[in-house]
Amino acid sequence: MSEITTTQKRPSIIVENVRKTFQIRHTHSMKEAFISRLKRKQVGSTPYNALDGVAFTVGEGESVALLGFNGSGKSTLLKLVSGVLEPDAGRVLTRGRVAGLIEVGAGFHPDLSGRENVYLNAAILGMNKAEIDERFDRIVEFSEIGEFIDQEVKHYSSGMFLRLAFSVAIHVELDVLLVDEILSVGDAPFRKKCTEKIHELAQAGKTMLIVSHNMAMVQELCERGIVINKGKKIFDGPIAEAVDAMNAK
Amino acid sequence: MTSVDLTGFQTPGRGRGILDVFNHGYLLRLLIRKGTATRYRNSVLGWTWSYVKPAAQFLIYYFVMGVVLQFHRDVENFAIYLFAGVVAINLFNEAFGNATSSIVDNRALVRKIYLPRELFPISTIIIALIHFLPQVAILLLACILVGWAPTFLSLAAFAIGLVIVLMMSLGLGLLFGALNVRYRDAQNFVEIIRMLSTWASPVLYTIAMVEQALKGWAFTVYMLNPLTTAVELFHYAFWLPTTSGAAETLSPGIVGNIFVSLGICAVLVVIGQIVFRRFERSFAQDL
Ligand SMILES: Nc1ncnc2c1ncn2[C@@H]1O[C@H](COP(=O)(O)OP(=O)(O)O)[C@@H](O)[C@H]1O
Ligand SMILES: [Mg+2]
């Protein structure tokens with residue numbers, strides 16, 4: 001049915017004919033949901049396909065860019081791969097530890113110190129104590145937080161906060177990295193450092209699925225691009241052609 | 001479709017439910033520490049709230065039931081009888097209430113990162129258990145002052161009572177925690193259950209009084225409430241040894257009650273887990 005671009009290596013991510021339908025719920029009320037069920041009418045929701053029939057595989061060690069306009073379903077696709085969302089049809093399979101640079105800092109608590117937040121968030125991202133202890137100094141060094149690490153995070157500037165959150169996320173032990181538009185945050189020098197770090201991970205043979213609007217960066221990092229438009233895959237191939245396909249839209 | 005060898009592949013977002021909490025022990029510890037460290041951080045009285053709230057509640061109950069309704073004439077050491085029950089119900093109310101709101105409270109995480117979501121209700125139940133400890137300490141102090149000494153049976157009764165309260169909180173917490181994500185009015189049921197918990201178990205009165213008022217099946221139904229068993233076990237553990245033998249005030253068939261209650265709680269946990277897993281699939285989009 002739908003063609004799958006097979007790669008030589010064993011895949012790390014398999015996405016098979018995935019459909020994701022969002023029910024736009026008009027009610028958050030049990031009473032109303034119950035009544036509409038009794039009346040056998042579907043007043044509760046209007047279904048909307050955010051993704052439809054999307055299929056591809058990403059080989060181990062491959063870096064793939066996911067391109068498309070806002071609202072085309074890129075973030076939804078990454079959430080399906082990370083397990084936050086489940087597909088309504090088709091299936092998603094992954095191999096190895098999957099980590100995401102998706103809205104970093106989600107688990108940060110303003111009343112805890114930087115140090116406490118590093119441990120908490122690294123654990124949320126799937127690391128155990130020994131792994132965090134081992135990486136702690138590198139995380140702090142990368143974030144350039146310095147002695148502020150023992151201050152409560154609520155006293156951080158938004159830049160410091162992002163640097164620390166990003167630093168935790170990028171130091172997670174991983175085989176597959178999902179990146180969602182995160183590279184547009186922070187100041188220029190830190191952004192450069194992050195891009196370098198991602199390069200480094202790519203060199204180290206990590207599998208990557210990257211969403212970004214920065215075409216120059218994407219062309220530098222990835223050899224392959226997938227273009228999604230209104231929930232459907234419209235192109236899958238070499239990155240330069242993908243960027244053209246995206247711009248032609 | 002290309003045929004690839006699927007060994008070693010996982011389906012993202014499919015955990016093993018409560019069992020997953022056991023291999024996330026370190027994260028569970030950190031979540032508990034976060035809950036206890038941040039809860040009272042911005043309040044003047046801090047941890048004292050864990051004492052002030054139950055104390056105020058106890059004084060009101062004691063005034064109404066003990067002084068106005070004169071229960072302290074019929075029930076020996078009525079203050080201890082009352083406090084033992086209040087402590088058990090407080091634990092249930094806090095654990096169940098926290099567990100119910102735990103998913104919605106952690107929506108920032110649930111929406112963005114996959115981790116076994118059972119961690120949230122379970123960590124809040126353990127936090128409730130930690131807040132319960134100072135209350136037990138006060139209860140113990142009062143008991144020791146009137147001559148209580150631990151026996152194997154009293155400690156066993158306390159432990160079993162605790163297990164029943166925690167299992168019931170977990171089962172109902174998973175159930176309503178999951179429902180709460182999609183239907184915010186599920187919170188109304190929770191408030192009713194929390195209110196009922198004090199009145200539908202022998203906290204403010206004794207089983208002997210219920211037995212006189214309710215006959216036959218009505219009494220049987222009353223006794224099916226696992227919290228009734230838990231409260232009676234707390235009475236066995238703390239209050240009974242301080243009296244001059246008032247066992248007839250307590251439940252007539254406590255051993256049978258224990259097995260029935262543990263069975264009901266196990267069923268509640270299974271139902272809670274099943275519903276939780278069903279709803280979990282759409283937590284991230286419903287929040
Ligand atoms: N939880 C949700 N509930 C309902 N609709 C959603 C939800 N999340 C995303 N959508 C919709 O799905 C579509 C795709 O969104 P998204 O994946 O964020 O796009 P992109 O990241 O490509 O900009 C959008 O129209 C968005 O409104
Ligand atoms: Mg997006």
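How are α5(B) and α9(B) oriented to each other, roughly parallel or roughly antiparallel? A few notes on that and on the ligand site follow.

1. Bear in mind that this is a predicted model. With that said, helix α5 (residues 78-105) of chain B and helix α9 (residues 186-199) of chain B pack at about 175°, and their axes are 9 Å apart. Angles over 145 degrees count as roughly antiparallel, so α5(B) and α9(B) are roughly antiparallel to each other.

2. Who touches whom here? On the α5(B) side you'll find Ile89(B), Phe92(B), Asn93(B), Phe96(B), Gly97(B) and Thr100(B). The α9(B) side brings Gln187(B), Val190(B), Ile193(B), Arg194(B), Ser197(B) and Thr198(B). Sorted by class, this contact of α5(B) with α9(B) has 5 nonpolar, 6 polar and 1 charged residues.

3. α9(B) also packs on helix α8 (residues 152-182) of chain B, this time at an angle of about 150° with the axes 8 Å apart. That pair, α8(B) and α9(B), is therefore roughly antiparallel too.

4. The class count for the contact of α8(B) with α9(B) is 7 nonpolar and 2 polar, with no charged residues.

5. On to ligand 1. Its surroundings include residues from chains A and B, so the site is shared between chains. There are 13 residues around ligand 1, and those that come nearest are Gly71(A), Gly73(A), Lys74(A), Ser75(A) and Thr76(A).

6. Some polar pairs are worth a look on screen. A polar side-chain atom of Ser75(A) sits 2.7 Å from an oxygen atom of ligand 1. For Lys74(A), a backbone N or O atom is 2.8 Å from a ligand 1 oxygen. Tyr48(A) places a side-chain N or O atom 3.3 Å from an oxygen of ligand 1. As for cover, ligand 1 taken alone exposes 560 Å², and the protein buries 68% of that.

7. Which elements build the shell? Those giving two or more residues are β1 (11-25), β2 (45-59) and α2 (74-82) of chain A. α2(A) supplies the largest share, 3 residues. By class, the shell around ligand 1 divides into 5 nonpolar, 7 polar and 1 charged residues.

Notes:
Residues numbered from 1 in each chain as written. Chains lettered and ligands numbered in written order. Predicted model: local features only at pLDDT ≥ 70, side-chain atom pairs only at ≥ 80, totals over all residues. Heavy atoms only, no water. Near = heavy atom within 4 Å. Polar contact = N/O pair within 3.5 Å; in protein donor to acceptor, adjacent residues only side chain to side chain. Areas by Shrake-Rupley, 256 points an atom, 1.4 Å probe, with all protein chains shown as cover. Helix = DSSP H or I, 4+ residues; strand = E, 2+ residues; numbered from the N terminus. Nonpolar A, V, L, I, M, F, W, Y, C, P; charged D, E, K, R; others polar. Axes fitted to C-alpha atoms, helices over the stretch in contact; angles between N-to-C directions. Parallel < 35°, antiparallel > 145°, perpendicular 65-115°, else oblique. Contact = heavy atoms within 4.5 Å.
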